[in-house]
Amino acid sequence: MKKPTQEDITDKLLAGHFGHRLEVDQAVDPLVDTPMLVTLEQLRPYEHNPRFIRNPLYDDLKASIRQRGLDQPPPITRRPGEASFIIRNGGNTRLAILGELWQETRDERFFRIHCLFKPWSNEITALLGHLAESDLHGQLTFIERALAVAKLKAMFEQDGASLPQRELTSRLAAGGYPISQSHLSRMLGTLEHLLPAIPQVLYAGLGKPQVERLMSLRSQAEQTWNRYPSAVYTFNEFWLDTLTSFDAEPEGFDVERVQDELLERMSQLLGQSYRMLALELTDSQRPQTLPGIVVSPLPELGQSSNPPASAPPALESRPSSPDSRLPDDETTAKSSAQTDAQIAPSPNPLSRVQHIRELIARSTMDEPLSDLEQPAGAPTPAQADGFHSVDKLWHITPEHDTPEQLRTAIFNLARHLARYAGQADSVVEQLDGLGYALRMEPLERSSFRATGIQLLLTALLRAHDDVQWEDRQQLPAALFGQLLIGVYQLPLNDRPALNVGLERLPDEQVIQLFRLIRLARRLIDQTLEPSLAPSEELL
């Protein structure tokens, strides 16, 4: 037999199939429930987990697992063709806790866990299982339930047929999550009429009773509004614009204050007195009264049953105002001009409410807003990580400002970038570090696009530490000069254009990269010792 040369050995080592663990990891999964011993490296959280707000029992669960270990390992499953296992139903909080305890203690009992593998069924069954399990044990907030149900509705409707609410409740019940049609209606109504205006209030845990009162208030106010139509606003615009002002302080949110502000603005806009609108607002919920009987406005919202001695001067018909001495037509004209100046919509073409609406549509797998729904001249916001547009690139909302949420977002962004290069499967989620690892392939076998993305993602992982500086001097120029700017495509300073084997990133990928960098910086700040953390303001 001929002795192989050094070139033969090198060619075999560089063969496409050599060293790829993916084929080994993707052995045929069992067809029946099977106990398995898996490591944290083989597990990743369920990406459609209904819970996105920190579990209120997180610290108690962590203390229990630290002392007792994992009494109830979560069931796992795996999608066909994927390398990683995922939690089948519930258990995402426990998985995050195990990752933290493994980083803190390096105790093998937190790294290797016995799980029950269950064969993969479908996406709807998976989401239903997580929703039912999380709601049963983890006290999901109302908005978390509503968003999960909306996502399920979108999954059911993927064939294009719209699903009536009655049919949706039947399918949810058959999947193990029974809810009434009225409750379903409130959930979907919350996403349409409350979430675009008060997301922070809802994410802070606004409960079902307050949601019901708000939805009831909206219904009554719309009925009253329709008796005095306005050319300035549609009612839905007026409602969202009024409600938005209460989102700044979630802890102090009060439905009665919303009602008071709503009535005052309606009084100004419709030219009717506050007291009369208050009576009309509750007229549909109480029996007709006899003449001469004083009725207290809005008793169902907790106001005293004793009528106030007098309404606030600003909310009466203001007889002492100089305008009251003007003729009726002049008063009306002046009032209309003042109203237009006070209540006219913001000139910003892409309003906060519209932006939140689009995020809701994307997060529930709905179609994006049509051209008719977009304001004239408004740019389409480029999404950075599913939560923010370009103008919010640096902002991190409190519910996403935890190490596990940051790592998940970083992994998703890295995978988006790899998908652009046609290598989505090369990015693997991790429970530590920056939240992702990379399956490397020889650069000489990659396209220009894939080479650039691989250089970027490996640079963030410090994969070039072992390379001599003399061999990587051109890396900064390649990354910042060509990938981010494309400067090598332009003759510059008597230097001709040069093909360096890298493509300039499109704007969307640049935005994703900047967002990834922002989240990685925040994650590093959270994991550093307090004495080492930078003193700059992060949010």
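## Helix packing, salt bridges and surface features

Helices α11 and α12 (residues 235-244) pack at an angle of about 135°, their axes 11 Å apart. That angle makes α11 oblique to α12, because angles under 35 degrees count as roughly parallel, over 145 as roughly antiparallel, 65 to 115 as roughly perpendicular and the rest as oblique. The model is predicted: local features need pLDDT of at least 70, side-chain atom pairs count only at pLDDT 80 or more, and totals for chains, interfaces and linings use all residues. Residues are numbered from 1 along each chain as its sequence is written, and side-chain values use heavy atoms, with hydrogens and water left out.

**Helix packing**

- Helices (H or I, at least four residues) and strands (E, at least two) are DSSP runs, numbered from the N terminus.
- Axes are lines fitted to C-alpha atoms, for helices over the stretch in contact, and angles run from 0 to 180 degrees between N-to-C directions.
- The crossing of α11 over α12 is right-handed.
- A second pair is helix α17 (residues 403-420) with helix α20 (residues 507-527): their axes come within 9 Å and cross at roughly 155°. This makes α17 roughly antiparallel to α20.
- Here α17 passes α20 in a left-handed crossing.
- A crossing is left-handed if the near helix is turned anticlockwise from the far one by less than a right angle, and right-handed if clockwise.

**Salt bridges**

- The whole structure holds 23 salt bridges. Each is a side-chain nitrogen of Lys or Arg within 4 Å of a carboxyl oxygen of Asp or Glu.
- D29 and R78 meet through their side chains, at 2.5 Å from N to O. This pair links distant parts of the chain, 49 residues apart. D29 sits in the loop between α2 (22-25) and β1 (34-39), and R78 in the loop between β3 (76-77) and β4 (85-87).
- R78 is buried, at 6% relative accessibility. Buried means under 20% relative accessible area, exposed over 50%, and partly exposed in between (1.4 Å probe, protein chains only).
- K62 bridges to E104, with the closest N and O atoms 2.8 Å apart. K62 lies in helix α3 (residues 58-68) and E104 in helix α4, so the pair ties together parts that are 42 residues apart in sequence.
- Within that pair, K62 is buried at 14% relative accessible area, whereas E104 is partly exposed at 45%.
- R186 and E212 form another bridge, at 3.3 Å from N to O. R186 is in helix α9 (residues 181-193) and E212 in helix α11 (residues 208-225), 26 residues apart.
- Both ends are partly exposed: R186 has 21% relative accessibility, and E212 has 30%.
- Salt bridges with shared partners join R44, E47, R79, E82 and E123 into one network.

- V201 belongs to helix α10 (residues 199-203). V201 is buried, at 3% relative accessibility. Its C-alpha atom is 9.9 Å from that of I143, which is 58 residues apart from V201 along the chain.
- L270 is part of helix α13 (residues 255-270). L270 is buried, with a relative accessible area of 13%. L270 and S230 are 40 residues apart in sequence but 6.6 Å apart in space, C-alpha to C-alpha.
- Q139 sits in the loop between α6 (123-137) and α7 (142-156). Q139 is exposed, at 52% relative accessibility. Q139 and R51 are 88 residues apart in sequence and 9.4 Å apart in space, C-alpha to C-alpha.

**Surface patch**

- L460, F514 and I517 form a nonpolar patch on the surface, with about 220 Å² of accessible area together.
- Patches are made of residues with over 30% relative accessible area and no salt bridge: like charges are joined within 9 Å, nonpolar side chains (Val, Leu, Ile, Met, Phe, Trp, Tyr) within 5 Å.
- Accessible areas come from the Shrake-Rupley method with a 1.4 Å probe; for residues, only the protein chains shown count as cover.
- L460 is in helix α18 (residues 448-460). L460 is partly exposed, at 32% relative accessibility.

**Backbone**

- R106 is found in the loop between α4 (92-105) and α5 (108-111). Its phi is near 55°, a positive value in a residue other than glycine.
- Most residues other than glycine have a negative phi.
- R106 is partly exposed, with 47% relative accessible area.
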